[in-house]
Amino acid sequence: MRGTMMNFPLTLPTILERSGKIFPRVEIVSRKPDKSVVRTCYGEFYNRARCLSSALLRLGLKPGDRVASMMWNHSSHLEAFFGVPCAGGILHTLNLRLHPQEIATIAKHAGDRFLLVDDVLYPVYEKFRQDVSFERVIVAPYGCNTIPEGSLNYEDLLANSDADFRYPAIDENDGAAMCFTSGTTGFSKGVIYSHRAIVLHSFCCGLVEVFGMNEADTILPVAPMFHANAWGIPFAATMLGARLVLPGPHVDPESILELMVRERVTVACGVPTVWIAVLDALEKNPTKWKFGNPIRVVCGGTAPPLELMRRLDRFGLHIKHLWGMTETTPIGTSGGLRAHMRDWPEDKKYDTRAKQGWPAPFVEIRLMRPEGEAPWDGVTSGEIEIRGPWIAASYYESPDQAHRWTEDGWFRTGDVATMDEDGYVKIVDRAKDLVKSGGEWISSVDLENTLMGHPAVKEACVVGIPHPKWQERPLAAVVLKDGAQATPDELRAFLAKSFAKWQLPDAFVFLDAIPRTSVGKFKKTALREQFANWKWEL
Ligand code: AMP
């Protein structure tokens, strides 16, 4: 017998309608390029997002059309997260930090029909405009307020749009948003998030062990809205009525701290490199920033070093660890401590918090090895395979990538991890980042995290470099704190307390900065290239 419930579609217009009716006065704060702040609210956002939908339909948007955005984190971009999908289109957030040629290739592959671009980012578009053919370019006045000839003014478009707009029919499995993977291995691949996946993922963001997002929160998404479905934040915040503080282009530590204090942020989200820089600023000037409340720092993208967690805790900034991917909308696992761990010794608690957490509801994970599934014993590692309602079932028009899915429908993540009996996942490495030394595997992640616990070390990144005898050996690139000193021997001795001798890096190089990817992660490929011909002492 079937249940007697309604078959109600899980689509974004329902979330948009709710925000306009239930949270009209909740504030949305956006910072502009000149650092001034604009305050609006969900009531206004609701009207404007609907006007955008109506304007796009007037321009001829058809169901499933891709609308690209090249925008910073601010309220007009938020409007696009709803205005495009609620008109039946798919918002494709372009990664504006990529090389212009790469942006063009991705936009062409995605078949983007329209472009929404910030006025201040128009010069980036000009660098690749000859390679793309957007039918319409809509420019949002955000910084310089110059609308180049031949393009449409976003504000005029909204002002002249139809008031009695009706949502088109949308199936919950229709695409709503699109992102490309960061393409660290080969060409980036497109993922299309369905309305259903986004709605279910938004519920997940409200869970205490994930963002714990609710109406009492003020959320600061530092991670760019073009990264991994904007971490789901625009959708979840709108559904749950959380106040948003959108930082615009300024994500240096001082600018972040200023917003956190002034706007009384309760949840801040970004990759570990952001928080390493913020911690540095706090420790240099410990009395300058006074937070009125504890802050949940939602951190993912790479593993936050344990020492970062410990030291941020002292300032009332508490890291909440997430693991996920562009392909997983992005939340896969999230962590924290379980009830039975409350009385554990401090060090054991930190070890547990440094793990990536346990799978979100409806996300299933298994660890695969050539000989079969790895046991959840906290020791045996295997590649994470994952499935669930917000996990990609394929890439957009990339049939050559079918091998990333198993025959029984699990996605092969390429991440290698262990799991313990409580279901906590611990990422050991990306399969491709493990150092292969003489047939043994060395985890670069563990070495990095331990190195970043050394008092003189600000940042550390470990990569495998070809070695004539051992196939590969680990090289550690280290950035020291201002004025601090450390020699390779000291660092090796420090690591030797936790690692076997054969696992220790044979080379240490001291750099001013570690190269970053477009979303702020350490760029291991650049380091591997830079030191590919390292002369090992044999
Ligand atoms: P992206 O699609 O750019 O978000 O990259 C996804 C990849 O980032 C994952 O496959 C992991 O290798 C890595 N990653 C994401 N979150 C974490 C985390 N909390 N700890 C370690 N690695 C992570």
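**Entry 1. Helix H8**

I began with helix H8 (residues 233-240), in which eight of the eight residues are buried, so the helix is largely enclosed by the rest of the structure. I took buried to mean under 20% relative accessible area, exposed over 50%, and partly exposed in between (1.4 Å probe, protein chains only). Helices (H or I, at least four residues) and strands (E, at least two) are DSSP runs, numbered from the N terminus. The buried residues of H8 are Ile233, Pro234, Phe235, Ala236, Ala237, Thr238, Met239 and Leu240. Just after H8, I noted that Gly241 has a positive phi of about 75°.

I recorded the basis of the work: this is a predicted model, in which local features need pLDDT of at least 70 and side-chain atom pairs count only at pLDDT 80 or more, while totals for chains, interfaces and linings use all residues. Residues are numbered from 1 along each chain as its sequence is written, and side-chain values use heavy atoms, with hydrogens and water left out.

I next looked up Arg18, which lies in helix H1 (residues 12-22). Arg18 counts as partly exposed, at 37% relative accessibility. Leaving aside residues up to four places away in sequence, Arg18 touches Phe23 and Met239; contact here means heavy atoms within 4.5 Å. A polar atom of the Arg18 side chain lies 2.8 Å from the backbone oxygen of Met239, and Met239 is one of the buried residues of H8. I also checked Arg18 against Ile170: the two are 152 residues apart in sequence and 17 Å apart in space, C-alpha to C-alpha.

**Entry 2. Ser53**

Ser53 is found in helix H2. Is Ser53 buried or exposed? Ser53 counts as buried because its relative accessibility is 0%. Not counting residues up to four places away in sequence, I found that Ser53 touches Phe82, Gly83, Cys86, Ala87 and Phe165.

**Entry 3. Salt bridges**

I searched the whole structure and found 36 salt bridges. The rule requires a side-chain nitrogen of Lys or Arg within 4 Å of a carboxyl oxygen of Asp or Glu.

In one of them, Asp65 pairs with Arg113, and the closest N and O atoms are 2.4 Å apart. This pair links distant parts of the chain, 48 residues apart: Asp65 is in the loop between helix H2 (42-58) and strand E3 (66-70), and Arg113 is in the loop between helix H4 (100-110) and strand E5 (114-118). Both Asp65 and Arg113 are buried.

The side chains of Glu371 and Arg369 also meet in a salt bridge (2.8 Å, N to O). Glu371 is exposed, at 61% relative accessibility, whereas Arg369 is partly exposed, at 29%.

The protein chain is divided into domain 1 (12-326) and domain 2 (435-530); the bounds come from an automatic or database domain assignment. The C-alpha centres of the two domains lie 33 Å apart.

How many residues of each domain are in contact? I found 19 residues of domain 1 in contact with 15 residues of domain 2. Between them the domains bury about 1,400 Å², of which 60% is on carbon and sulfur atoms. In domain 1, Thr273, Ile276 and Pro305 lose the most area to domain 2, together 29% of what that side buries. Buried area is the accessible area (1.4 Å probe) that two parts lose on being put together, summed over both.

The rule finds two salt bridges across the interface of domain 1 and domain 2. I also looked at the pair Lys284 and Asp482, whose side chains meet in a salt bridge (3.0 Å, N to O). Lys284 is in helix H10 and Asp482 is in the loop between strand E25 (471-480) and helix H14 (488-496), 198 residues apart. Lys284 is exposed, with a relative accessible area of 52%, and Asp482 is exposed at 62%.

The elements that give two or more residues to the side of domain 1 that touches domain 2 are helix H10 (272-284) and helix H11 (306-313). H10 gives the most, with five residues.

Definitions and conventions
Polar contact = N/O pair within 3.5 Å; in protein donor to acceptor, adjacent residues only side chain to side chain.
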